[in-house]
Amino acid sequence: MAVTAADNASVIPKPMRVFLVAGAVLTLGYFALPPSAVKAACYTALGLMVAAALVLGVRLYRPSHALAWYLLAVGQILFSVGDAISNTYGWILHVDTPFPSLADPLYLTVYAVQVAGLLILVRAQTPGRDRSSLIDAVILATGLGLLSWIFLIVPYVRAPDLTLLQRMVSIAYPVADVLLLAVAVRLWRPGSARNVATSLLTVGLAALLIVDTVYGLSQLTVGWVHGGVLDLGWVVCYLSLGAAALHPSMRSLSEPTAQPAPRLTWQRRVLLTAATLMAPAMLVIQAVRHQPIDIGVNAAGTVVLFVLLTARMTGLAGQAARQQERERALAQVLEAAQQERVRLAADLHDGPVQELTALNYGLERVDRRLQTHGPDAARELLGEQKDHLTMVTRTLRSLLSELRPPALDEHGLAGALKLYGDAFAKQAGVNVSVDAQVDERPAPEVETIVYRITQEALTNVAKHAQARHVWIRLTAGDQAVDLTIRDDGVGFDPEQAARLLKDGHFGLVGMRERAEMGGGRMDLDSRQDHGTTIHLTLPLRYVPSFA
(Lines give C-alpha, C1' and ligand atoms only; values in the text may rest on other atoms or scores of the structure.)
Protein backbone atom coordinates (compact mmCIF):
# COMPACT_ATOMS: atom_id res chain seq x y z
CA MET A 1 0.00 0.00 0.00
CA ALA A 2 1.50 3.31 -1.05
CA VAL A 3 1.77 5.91 1.70
CA THR A 4 1.24 9.47 0.55
CA ALA A 5 1.05 12.87 2.18
CA ALA A 6 -1.40 11.44 4.69
CA ASP A 7 1.65 10.60 6.78
CA ASN A 8 1.84 14.15 8.02
CA ALA A 9 -1.76 15.26 7.58
CA SER A 10 -4.91 14.79 9.60
CA VAL A 11 -6.58 12.75 6.85
CA ILE A 12 -8.15 9.61 8.30
CA PRO A 13 -7.23 6.52 6.21
CA LYS A 14 -9.98 4.09 5.27
CA PRO A 15 -8.83 1.25 7.61
CA MET A 16 -8.87 3.69 10.50
CA ARG A 17 -12.38 4.91 9.60
CA VAL A 18 -13.70 1.35 9.41
CA PHE A 19 -12.10 0.53 12.75
CA LEU A 20 -13.59 3.57 14.49
CA VAL A 21 -17.08 2.89 13.09
CA ALA A 22 -16.94 -0.77 14.12
CA GLY A 23 -15.61 0.24 17.53
CA ALA A 24 -18.46 2.73 18.01
CA VAL A 25 -21.03 0.07 17.11
CA LEU A 26 -19.57 -2.45 19.57
CA THR A 27 -19.32 0.22 22.28
CA LEU A 28 -22.98 1.21 21.84
CA GLY A 29 -23.98 -2.44 21.95
CA TYR A 30 -21.98 -3.01 25.10
CA PHE A 31 -23.52 -0.13 27.02
CA ALA A 32 -27.05 -0.64 25.62
CA LEU A 33 -27.39 -4.36 26.30
CA PRO A 34 -28.27 -5.78 29.72
CA PRO A 35 -25.75 -8.03 31.48
CA SER A 36 -25.59 -11.14 29.33
CA ALA A 37 -23.32 -13.30 27.22
CA VAL A 38 -23.97 -10.99 24.24
CA LYS A 39 -22.85 -7.95 26.25
CA ALA A 40 -19.69 -9.78 27.26
CA ALA A 41 -19.11 -10.81 23.64
CA CYS A 42 -19.32 -7.17 22.49
CA TYR A 43 -16.61 -6.13 24.92
CA THR A 44 -14.37 -9.08 24.08
CA ALA A 45 -14.83 -8.48 20.35
CA LEU A 46 -13.87 -4.81 20.83
CA GLY A 47 -10.64 -5.79 22.58
CA LEU A 48 -9.69 -8.40 20.00
CA MET A 49 -10.47 -5.97 17.21
CA VAL A 50 -7.91 -3.58 18.69
CA ALA A 51 -5.29 -6.35 18.66
CA ALA A 52 -6.12 -7.02 15.01
CA ALA A 53 -5.78 -3.30 14.25
CA LEU A 54 -2.31 -3.26 15.81
CA VAL A 55 -1.19 -6.16 13.63
CA LEU A 56 -2.83 -4.67 10.53
CA GLY A 57 -1.08 -1.34 11.11
CA VAL A 58 2.28 -3.10 11.15
CA ARG A 59 1.45 -4.91 7.91
CA LEU A 60 0.27 -1.72 6.19
CA TYR A 61 2.94 0.78 7.18
CA ARG A 62 5.98 -1.40 7.97
CA PRO A 63 7.46 0.44 10.98
CA SER A 64 11.15 -0.15 11.59
CA HIS A 65 10.49 -1.70 15.02
CA ALA A 66 7.47 -3.89 14.40
CA LEU A 67 8.13 -5.91 17.58
CA ALA A 68 6.95 -2.98 19.72
CA TRP A 69 3.51 -3.01 18.07
CA TYR A 70 3.30 -6.79 18.16
CA LEU A 71 3.95 -6.68 21.92
CA LEU A 72 1.17 -4.12 22.33
CA ALA A 73 -1.09 -6.47 20.35
CA VAL A 74 -0.16 -9.38 22.64
CA GLY A 75 -0.94 -7.21 25.64
CA GLN A 76 -4.31 -6.32 24.15
CA ILE A 77 -5.14 -10.01 23.58
CA LEU A 78 -4.27 -10.80 27.20
CA PHE A 79 -6.42 -7.86 28.31
CA SER A 80 -9.36 -9.16 26.28
CA VAL A 81 -8.99 -12.71 27.60
CA GLY A 82 -8.88 -11.36 31.15
CA ASP A 83 -12.03 -9.30 30.51
CA ALA A 84 -13.76 -12.36 29.05
CA ILE A 85 -12.94 -14.38 32.19
CA SER A 86 -14.10 -11.60 34.49
CA ASN A 87 -17.35 -11.09 32.55
CA THR A 88 -18.02 -14.81 32.50
CA TYR A 89 -18.13 -14.95 36.29
CA GLY A 90 -20.73 -12.19 36.66
CA TRP A 91 -22.82 -12.28 33.48
CA ILE A 92 -22.79 -15.93 32.45
CA LEU A 93 -22.13 -17.97 35.60
CA HIS A 94 -23.88 -15.33 37.80
CA VAL A 95 -21.37 -15.71 40.62
CA ASP A 96 -19.14 -13.23 42.41
CA THR A 97 -15.74 -12.85 40.82
CA PRO A 98 -13.13 -14.36 43.17
CA PHE A 99 -10.09 -12.33 44.12
CA PRO A 100 -7.59 -12.98 42.88
CA SER A 101 -9.16 -14.69 39.88
CA LEU A 102 -7.70 -16.28 36.77
CA ALA A 103 -7.95 -12.86 35.10
CA ASP A 104 -5.52 -11.11 37.48
CA PRO A 105 -2.30 -12.80 36.25
CA LEU A 106 -3.34 -11.90 32.71
CA TYR A 107 -4.01 -8.27 33.64
CA LEU A 108 -0.65 -7.94 35.39
CA THR A 109 1.14 -9.53 32.44
CA VAL A 110 -0.46 -6.89 30.21
CA TYR A 111 1.52 -4.19 32.02
CA ALA A 112 4.81 -6.03 31.54
CA VAL A 113 4.16 -6.55 27.81
CA GLN A 114 3.03 -2.95 27.28
CA VAL A 115 6.07 -1.58 29.10
CA ALA A 116 8.35 -3.76 26.96
CA GLY A 117 6.72 -2.49 23.76
CA LEU A 118 6.92 1.14 24.82
CA LEU A 119 10.57 0.73 25.85
CA ILE A 120 11.36 -0.47 22.32
CA LEU A 121 9.76 2.69 20.91
CA VAL A 122 11.67 4.85 23.40
CA ARG A 123 14.95 3.17 22.48
CA ALA A 124 14.21 3.58 18.77
CA GLN A 125 13.59 7.31 19.15
CA THR A 126 16.73 7.82 21.23
CA PRO A 127 19.45 5.48 19.92
CA GLY A 128 21.97 7.14 22.25
CA ARG A 129 21.71 7.75 25.96
CA ASP A 130 19.11 10.24 27.19
CA ARG A 131 19.98 10.60 30.86
CA SER A 132 17.86 13.72 31.42
CA SER A 133 14.54 12.21 30.34
CA LEU A 134 15.34 9.06 32.31
CA ILE A 135 15.88 11.10 35.50
CA ASP A 136 12.68 13.08 34.83
CA ALA A 137 10.74 9.85 34.40
CA VAL A 138 12.04 8.43 37.69
CA ILE A 139 11.25 11.71 39.51
CA LEU A 140 7.66 11.69 38.26
CA ALA A 141 7.29 7.99 38.99
CA THR A 142 8.61 8.50 42.54
CA GLY A 143 6.19 11.37 43.15
CA LEU A 144 3.24 9.39 41.85
CA GLY A 145 4.44 6.38 43.81
CA LEU A 146 4.20 8.37 47.05
CA LEU A 147 0.62 9.35 46.20
CA SER A 148 -0.21 5.77 45.31
CA TRP A 149 1.24 4.66 48.62
CA ILE A 150 -1.16 6.90 50.54
CA PHE A 151 -4.37 6.32 48.59
CA LEU A 152 -3.98 2.89 46.96
CA ILE A 153 -1.28 0.82 48.67
CA VAL A 154 -1.53 1.60 52.40
CA PRO A 155 -5.25 0.71 52.60
CA TYR A 156 -4.48 -2.75 51.21
CA VAL A 157 -1.39 -3.20 53.37
CA ARG A 158 -3.37 -2.46 56.52
CA ALA A 159 -6.59 -4.27 55.54
CA PRO A 160 -7.06 -6.99 58.17
CA ASP A 161 -9.45 -9.12 56.10
CA LEU A 162 -7.08 -9.69 53.14
CA THR A 163 -4.76 -12.64 52.75
CA LEU A 164 -1.10 -12.17 51.83
CA LEU A 165 -1.80 -13.13 48.21
CA GLN A 166 -4.70 -10.68 47.99
CA ARG A 167 -2.52 -7.89 49.40
CA MET A 168 0.26 -8.62 46.92
CA VAL A 169 -2.07 -8.63 43.92
CA SER A 170 -3.83 -5.46 45.08
CA ILE A 171 -0.52 -3.65 45.52
CA ALA A 172 0.80 -4.89 42.16
CA TYR A 173 -1.75 -2.91 40.16
CA PRO A 174 -0.79 0.64 41.34
CA VAL A 175 2.90 -0.30 41.17
CA ALA A 176 2.42 -1.41 37.55
CA ASP A 177 0.66 1.88 36.76
CA VAL A 178 3.59 3.82 38.19
CA LEU A 179 6.01 1.81 36.05
CA LEU A 180 3.86 2.40 32.94
CA LEU A 181 3.82 6.14 33.66
CA ALA A 182 7.61 6.22 33.97
CA VAL A 183 8.01 4.66 30.52
CA ALA A 184 5.30 6.87 28.98
CA VAL A 185 7.06 10.00 30.26
CA ARG A 186 10.21 8.92 28.42
CA LEU A 187 8.14 8.47 25.26
CA TRP A 188 6.87 12.05 25.63
CA ARG A 189 10.36 13.53 25.93
CA PRO A 190 11.12 16.95 24.34
CA GLY A 191 12.05 16.57 20.69
CA SER A 192 9.92 13.45 20.14
CA ALA A 193 7.55 13.25 17.19
CA ARG A 194 4.28 15.21 17.40
CA ASN A 195 1.68 13.79 15.04
CA VAL A 196 -1.67 11.97 14.91
CA ALA A 197 -0.33 8.60 16.06
CA THR A 198 1.58 10.15 18.97
CA SER A 199 -1.50 12.10 20.09
CA LEU A 200 -3.72 9.02 19.92
CA LEU A 201 -1.20 6.90 21.83
CA THR A 202 -0.96 9.65 24.45
CA VAL A 203 -4.74 9.74 24.85
CA GLY A 204 -4.87 5.96 25.16
CA LEU A 205 -2.15 5.73 27.81
CA ALA A 206 -3.57 8.68 29.75
CA ALA A 207 -7.06 7.10 29.72
CA LEU A 208 -5.63 3.80 30.96
CA LEU A 209 -3.72 5.41 33.84
CA ILE A 210 -6.67 7.60 34.88
CA VAL A 211 -9.28 4.85 34.77
CA ASP A 212 -6.97 2.42 36.61
CA THR A 213 -6.52 4.99 39.38
CA VAL A 214 -10.26 5.71 39.61
CA TYR A 215 -10.96 1.97 39.63
CA GLY A 216 -8.51 1.42 42.48
CA LEU A 217 -10.06 4.24 44.52
CA SER A 218 -13.59 3.04 43.85
CA GLN A 219 -12.68 -0.44 45.06
CA LEU A 220 -11.68 1.09 48.38
CA THR A 221 -14.72 3.39 48.71
CA VAL A 222 -18.05 3.05 46.88
CA GLY A 223 -17.19 -0.14 45.00
CA TRP A 224 -16.98 -0.82 41.29
CA VAL A 225 -20.07 -1.39 39.19
CA HIS A 226 -19.34 -4.03 36.55
CA GLY A 227 -20.28 -2.66 33.10
CA GLY A 228 -20.74 0.88 34.39
CA VAL A 229 -19.56 4.27 33.16
CA LEU A 230 -16.01 3.58 34.31
CA ASP A 231 -15.64 1.06 31.49
CA LEU A 232 -15.83 3.97 29.06
CA GLY A 233 -12.27 4.89 30.06
CA TRP A 234 -10.97 1.51 28.99
CA VAL A 235 -12.96 1.78 25.74
CA VAL A 236 -11.23 5.12 25.02
CA CYS A 237 -7.87 3.44 25.67
CA TYR A 238 -8.75 0.60 23.30
CA LEU A 239 -9.98 2.80 20.44
CA SER A 240 -7.08 5.27 20.75
CA LEU A 241 -4.49 2.50 20.67
CA GLY A 242 -6.02 0.82 17.63
CA ALA A 243 -6.49 4.11 15.77
CA ALA A 244 -2.87 5.08 16.44
CA ALA A 245 -1.68 1.86 14.83
CA LEU A 246 -3.87 2.44 11.74
CA HIS A 247 -2.59 5.95 11.01
CA PRO A 248 0.43 6.21 8.67
CA SER A 249 2.28 8.46 11.14
CA MET A 250 2.69 5.44 13.44
CA ARG A 251 5.96 4.77 11.62
CA SER A 252 7.50 7.92 13.09
CA LEU A 253 7.10 6.53 16.61
CA SER A 254 9.97 4.12 15.95
CA GLU A 255 12.25 6.50 14.06
CA PRO A 256 15.19 8.42 15.60
CA THR A 257 14.53 12.00 16.60
CA ALA A 258 16.95 14.89 16.99
CA GLN A 259 18.47 15.51 20.40
CA PRO A 260 16.38 18.12 22.26
CA ALA A 261 17.82 21.45 23.24
CA PRO A 262 19.35 21.52 26.76
CA ARG A 263 16.41 23.23 28.45
CA LEU A 264 13.34 22.47 30.52
CA THR A 265 9.95 23.40 29.11
CA TRP A 266 7.54 25.10 31.50
CA GLN A 267 5.22 22.08 31.41
CA ARG A 268 8.03 19.76 32.47
CA ARG A 269 9.13 22.20 35.19
CA VAL A 270 5.60 22.21 36.62
CA LEU A 271 5.44 18.40 36.63
CA LEU A 272 8.88 18.02 38.21
CA THR A 273 8.09 20.64 40.86
CA ALA A 274 4.84 18.90 41.74
CA ALA A 275 6.58 15.53 41.93
CA THR A 276 9.34 16.79 44.22
CA LEU A 277 6.78 18.28 46.61
CA MET A 278 5.04 14.94 47.08
CA ALA A 279 7.17 13.94 50.06
CA PRO A 280 6.11 16.90 52.26
CA ALA A 281 2.61 16.73 50.79
CA MET A 282 2.45 13.10 51.90
CA LEU A 283 3.02 14.18 55.51
CA VAL A 284 0.28 16.81 55.28
CA ILE A 285 -2.21 14.42 53.68
CA GLN A 286 -1.64 11.70 56.26
CA ALA A 287 -1.90 14.22 59.10
CA VAL A 288 -5.18 15.67 57.75
CA ARG A 289 -6.60 12.17 57.29
CA HIS A 290 -5.43 11.19 60.80
CA GLN A 291 -3.40 8.31 59.38
CA PRO A 292 -0.19 6.99 60.92
CA ILE A 293 2.82 8.83 59.48
CA ASP A 294 4.91 6.51 57.31
CA ILE A 295 8.26 7.96 58.30
CA GLY A 296 10.33 5.28 56.56
CA VAL A 297 8.52 5.60 53.21
CA ASN A 298 8.59 9.40 53.37
CA ALA A 299 12.28 9.48 54.25
CA ALA A 300 13.11 7.05 51.45
CA GLY A 301 11.07 9.08 48.97
CA THR A 302 12.73 12.31 50.09
CA VAL A 303 16.22 10.85 49.71
CA VAL A 304 15.44 9.45 46.26
CA LEU A 305 13.96 12.74 45.06
CA PHE A 306 16.87 14.74 46.49
CA VAL A 307 19.45 12.52 44.78
CA LEU A 308 17.55 12.64 41.48
CA LEU A 309 17.16 16.42 41.61
CA THR A 310 20.85 16.83 42.38
CA ALA A 311 21.69 14.64 39.40
CA ARG A 312 19.26 16.61 37.22
CA MET A 313 20.71 19.97 38.26
CA THR A 314 24.23 18.66 37.72
CA GLY A 315 23.19 17.55 34.26
CA LEU A 316 21.68 20.94 33.46
CA ALA A 317 24.83 22.70 34.63
CA GLY A 318 26.91 20.38 32.47
CA GLN A 319 24.60 20.97 29.51
CA ALA A 320 24.93 24.73 29.93
CA ALA A 321 28.72 24.45 30.05
CA ARG A 322 28.73 22.18 26.99
CA GLN A 323 26.43 24.59 25.18
CA GLN A 324 28.91 27.42 25.74
CA GLU A 325 31.67 25.09 24.64
CA ARG A 326 29.67 24.19 21.53
CA GLU A 327 29.14 27.86 20.68
CA ARG A 328 32.86 28.54 20.93
CA ALA A 329 33.65 25.41 18.95
CA LEU A 330 31.04 26.27 16.32
CA ALA A 331 32.62 29.70 15.87
CA GLN A 332 36.00 28.03 15.43
CA VAL A 333 34.54 25.44 13.06
CA LEU A 334 32.81 28.10 10.96
CA GLU A 335 35.99 30.14 10.82
CA ALA A 336 37.96 27.05 9.84
CA ALA A 337 35.34 26.16 7.23
CA GLN A 338 35.56 29.65 5.78
CA GLN A 339 39.34 29.43 5.66
CA GLU A 340 39.04 25.99 4.04
CA ARG A 341 36.70 27.38 1.38
CA VAL A 342 39.14 30.20 0.68
CA ARG A 343 41.97 27.68 0.45
CA LEU A 344 40.01 25.41 -1.89
CA ALA A 345 39.06 28.38 -4.06
CA ALA A 346 42.72 29.44 -4.22
CA ASP A 347 43.84 25.88 -4.97
CA LEU A 348 41.27 25.59 -7.73
CA HIS A 349 42.26 28.95 -9.19
CA ASP A 350 46.01 28.44 -8.94
CA GLY A 351 45.87 24.78 -9.88
CA PRO A 352 43.15 23.27 -12.09
CA VAL A 353 41.79 26.56 -13.43
CA GLN A 354 45.23 27.76 -14.52
CA GLU A 355 46.12 24.33 -15.84
CA LEU A 356 42.87 24.06 -17.79
CA THR A 357 43.51 27.50 -19.26
CA ALA A 358 46.98 26.38 -20.29
CA LEU A 359 45.47 23.20 -21.69
CA ASN A 360 43.08 25.28 -23.78
CA TYR A 361 46.01 27.22 -25.23
CA GLY A 362 47.81 23.95 -25.83
CA LEU A 363 44.85 22.56 -27.77
CA GLU A 364 44.81 25.72 -29.88
CA ARG A 365 48.49 25.11 -30.70
CA VAL A 366 47.61 21.51 -31.64
CA ASP A 367 44.87 22.81 -33.91
CA ARG A 368 47.22 25.27 -35.66
CA ARG A 369 49.90 22.62 -36.11
CA LEU A 370 47.33 20.23 -37.58
CA GLN A 371 46.40 22.88 -40.12
CA THR A 372 49.96 23.81 -41.02
CA HIS A 373 52.06 20.67 -40.60
CA GLY A 374 49.59 17.79 -40.58
CA PRO A 375 48.79 15.01 -38.07
CA ASP A 376 52.29 13.64 -37.63
CA ALA A 377 53.68 16.99 -36.54
CA ALA A 378 50.80 17.57 -34.08
CA ARG A 379 51.04 14.13 -32.45
CA GLU A 380 53.95 15.02 -30.14
CA LEU A 381 52.27 18.21 -28.97
CA LEU A 382 48.99 16.33 -28.43
CA GLY A 383 50.81 13.85 -26.16
CA GLU A 384 52.05 16.73 -24.02
CA GLN A 385 48.50 18.04 -23.62
CA LYS A 386 47.31 14.56 -22.71
CA ASP A 387 49.89 14.37 -19.92
CA HIS A 388 48.81 17.83 -18.82
CA LEU A 389 45.17 16.69 -18.67
CA THR A 390 46.15 13.66 -16.55
CA MET A 391 47.86 15.97 -14.06
CA VAL A 392 44.75 18.19 -13.87
CA THR A 393 42.56 15.15 -13.26
CA ARG A 394 44.85 13.97 -10.44
CA THR A 395 44.73 17.42 -8.81
CA LEU A 396 40.92 17.53 -8.97
CA ARG A 397 40.62 14.06 -7.47
CA SER A 398 42.88 15.11 -4.62
CA LEU A 399 40.68 18.14 -3.91
CA LEU A 400 37.49 16.08 -4.14
CA SER A 401 38.86 13.50 -1.70
CA GLU A 402 39.14 16.27 0.89
CA LEU A 403 35.37 16.84 0.61
CA ARG A 404 34.33 13.15 0.71
CA PRO A 405 36.82 10.31 0.99
CA PRO A 406 36.58 8.21 -2.19
CA ALA A 407 37.17 5.04 -0.15
CA LEU A 408 33.62 5.37 1.21
CA ASP A 409 32.14 5.07 -2.26
CA GLU A 410 34.58 2.41 -3.40
CA HIS A 411 34.61 0.13 -0.33
CA GLY A 412 31.74 1.24 1.91
CA LEU A 413 32.10 2.45 5.50
CA ALA A 414 33.41 -0.83 6.93
CA GLY A 415 35.98 -1.30 4.17
CA ALA A 416 37.07 2.34 4.31
CA LEU A 417 37.68 2.15 8.07
CA LYS A 418 39.69 -1.05 7.70
CA LEU A 419 41.82 0.47 4.94
CA TYR A 420 42.41 3.63 6.95
CA GLY A 421 43.21 1.59 10.07
CA ASP A 422 45.80 -0.44 8.14
CA ALA A 423 47.37 2.69 6.68
CA PHE A 424 47.46 4.37 10.10
CA ALA A 425 49.03 1.29 11.70
CA LYS A 426 51.89 1.31 9.16
CA GLN A 427 52.45 5.04 9.47
CA ALA A 428 52.16 5.43 13.26
CA GLY A 429 53.50 2.05 14.36
CA VAL A 430 50.38 1.31 16.39
CA ASN A 431 48.44 -1.95 16.25
CA VAL A 432 44.91 -1.22 15.01
CA SER A 433 42.06 -3.75 15.30
CA VAL A 434 38.92 -2.93 13.29
CA ASP A 435 35.70 -4.86 13.91
CA ALA A 436 33.02 -3.50 11.57
CA GLN A 437 29.60 -4.97 10.98
CA VAL A 438 27.29 -3.01 8.66
CA ASP A 439 23.89 -4.70 8.33
CA GLU A 440 22.31 -1.63 6.75
CA ARG A 441 24.31 1.05 4.99
CA PRO A 442 24.06 4.51 6.60
CA ALA A 443 23.31 7.71 4.73
CA PRO A 444 26.34 9.22 2.92
CA GLU A 445 26.43 12.17 5.33
CA VAL A 446 26.53 9.79 8.30
CA GLU A 447 29.33 7.76 6.71
CA THR A 448 31.38 10.92 6.23
CA ILE A 449 30.85 11.97 9.87
CA VAL A 450 31.93 8.55 11.17
CA TYR A 451 34.97 8.47 8.89
CA ARG A 452 36.12 12.02 9.78
CA ILE A 453 35.68 11.44 13.52
CA THR A 454 37.71 8.23 13.22
CA GLN A 455 40.43 10.15 11.36
CA GLU A 456 40.55 12.83 14.04
CA ALA A 457 40.54 10.27 16.86
CA LEU A 458 43.45 8.33 15.36
CA THR A 459 45.32 11.57 14.73
CA ASN A 460 44.97 12.37 18.43
CA VAL A 461 46.22 8.87 19.29
CA ALA A 462 49.32 9.39 17.16
CA LYS A 463 50.02 12.84 18.64
CA HIS A 464 49.22 12.39 22.31
CA ALA A 465 48.22 8.88 23.43
CA GLN A 466 51.55 6.98 23.26
CA ALA A 467 49.36 3.94 22.69
CA ARG A 468 50.41 0.50 21.51
CA HIS A 469 46.99 -0.71 20.45
CA VAL A 470 43.76 0.87 19.18
CA TRP A 471 40.45 -0.99 18.96
CA ILE A 472 37.74 0.27 16.57
CA ARG A 473 34.31 -1.32 16.71
CA LEU A 474 31.51 -0.30 14.35
CA THR A 475 27.93 -1.57 14.09
CA ALA A 476 25.34 -0.15 11.70
CA GLY A 477 21.76 -1.34 11.69
CA ASP A 478 18.52 -1.17 13.64
CA GLN A 479 18.25 2.54 12.73
CA ALA A 480 21.52 3.50 14.46
CA VAL A 481 25.27 3.63 13.89
CA ASP A 482 27.44 2.83 16.90
CA LEU A 483 31.20 3.52 16.86
CA THR A 484 33.64 2.86 19.71
CA ILE A 485 37.34 3.81 19.51
CA ARG A 486 39.50 2.70 22.44
CA ASP A 487 43.25 2.91 23.02
CA ASP A 488 45.62 1.74 25.76
CA GLY A 489 47.55 5.00 25.91
CA VAL A 490 48.38 7.39 28.72
CA GLY A 491 44.92 8.93 28.85
CA PHE A 492 44.15 12.44 30.06
CA ASP A 493 41.78 14.47 32.19
CA PRO A 494 38.63 15.19 30.10
CA GLU A 495 38.31 18.53 31.88
CA GLN A 496 41.39 19.63 29.91
CA ALA A 497 39.28 19.73 26.73
CA ALA A 498 37.86 23.13 27.65
CA ARG A 499 41.35 24.54 28.31
CA LEU A 500 42.63 23.10 25.02
CA LEU A 501 39.82 24.90 23.23
CA LYS A 502 40.93 28.23 24.68
CA ASP A 503 44.42 27.55 23.34
CA GLY A 504 43.06 27.00 19.85
CA HIS A 505 43.01 23.17 19.91
CA PHE A 506 39.41 22.20 19.21
CA GLY A 507 39.82 18.65 17.88
CA LEU A 508 37.76 16.85 20.56
CA VAL A 509 35.16 19.60 20.76
CA GLY A 510 34.98 19.70 16.96
CA MET A 511 34.39 15.94 16.91
CA ARG A 512 31.53 16.30 19.39
CA GLU A 513 30.13 19.23 17.41
CA ARG A 514 30.29 17.24 14.18
CA ALA A 515 28.40 14.36 15.85
CA GLU A 516 25.69 16.56 17.34
CA MET A 517 25.17 18.50 14.11
CA GLY A 518 24.43 15.10 12.53
CA GLY A 519 21.74 14.38 15.14
CA GLY A 520 23.98 12.08 17.20
CA ARG A 521 26.01 12.05 20.38
CA MET A 522 29.67 11.55 21.27
CA ASP A 523 30.84 10.53 24.74
CA LEU A 524 34.42 10.57 25.99
CA ASP A 525 35.86 8.47 28.81
CA SER A 526 39.53 8.87 29.73
CA ARG A 527 41.72 8.51 32.80
CA GLN A 528 45.40 9.00 33.40
CA ASP A 529 47.32 5.83 32.49
CA HIS A 530 44.09 4.00 31.59
CA GLY A 531 43.63 4.99 27.96
CA THR A 532 40.78 6.77 26.22
CA THR A 533 37.45 5.56 24.88
CA ILE A 534 35.31 7.50 22.42
CA HIS A 535 31.74 6.33 21.88
CA LEU A 536 29.73 7.76 18.98
CA THR A 537 26.05 7.13 18.28
CA LEU A 538 24.32 8.46 15.17
CA PRO A 539 20.97 7.79 13.50
CA LEU A 540 21.27 5.62 10.41
CA ARG A 541 19.52 8.30 8.40
CA TYR A 542 20.93 11.81 8.46
CA VAL A 543 19.10 13.97 11.04
CA PRO A 544 20.77 17.41 11.03
CA SER A 545 20.56 19.31 14.29
CA PHE A 546 21.68 22.88 14.84
CA ALA A 547 20.03 23.46 18.24
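Let's start with helix 8, which covers residues 231-245. Helices here are DSSP runs of H or I with at least four residues, numbered from the N terminus. Helix 8 has 15 residues and reaches 22 Å from its first C-alpha to its last, close to the 21 Å expected at 1.5 Å a residue; the expected span is 1.5 Å times one less than the number of residues. Of those 15 residues, 13 are buried, so helix 8 is largely enclosed by the rest of the structure. Buried means under 20% relative accessible area, exposed means over 50%, and partly exposed is in between (1.4 Å probe, protein chains only).

Keep in mind that this is a predicted model: local features need pLDDT of at least 70, side-chain atom pairs count only at pLDDT 80 or more, and totals for chains, interfaces and linings use all residues. Residues are numbered from 1 along each chain as its sequence is written, and side-chain values use heavy atoms, with hydrogens and water left out.

The structure holds two cavities of 30 Å³ or more. A cavity is a set of points, on a 1 Å grid over the protein atoms alone, where a 1.4 Å probe fits but cannot get out, and its lining residues have an atom within 4 Å of a point. Helix 7 (196-220) and helix 8 each supply at least two of the lining residues, and helix 7 gives the most, with three. By class, the lining has five nonpolar, two polar and no charged residues. Ala, Val, Leu, Ile, Met, Phe, Trp, Tyr, Cys and Pro count as nonpolar, Asp, Glu, Lys and Arg as charged, and the others, Gly among them, as polar.

Now for the charged pairs. The structure holds four salt bridges, each a side-chain nitrogen of Lys or Arg within 4 Å of a carboxyl oxygen of Asp or Glu. In one of them, Arg312 meets Asp136 (2.6 Å, N to O). Arg312 sits in helix 11 (residues 295-373) and Asp136 in helix 5 (residues 131-157), so the pair ties together parts that are 176 residues apart in sequence. Both of these residues are buried.

Another salt bridge joins Glu447 and Arg441 (2.6 Å, N to O). Here Glu447 is buried, at a relative accessible area of 1%, while Arg441 is partly exposed, at 42%.

Terms used:
On a 1 Å grid over the protein atoms alone, a cavity is a set of points where a 1.4 Å probe fits but cannot get out, and a pocket is an open set with protein on both sides within 12 Å along at least five of seven lines; lining residues have an atom within 4 Å of a point. Grid points are joined across faces, edges and corners, and a volume is the space filled by probe spheres set on the points.
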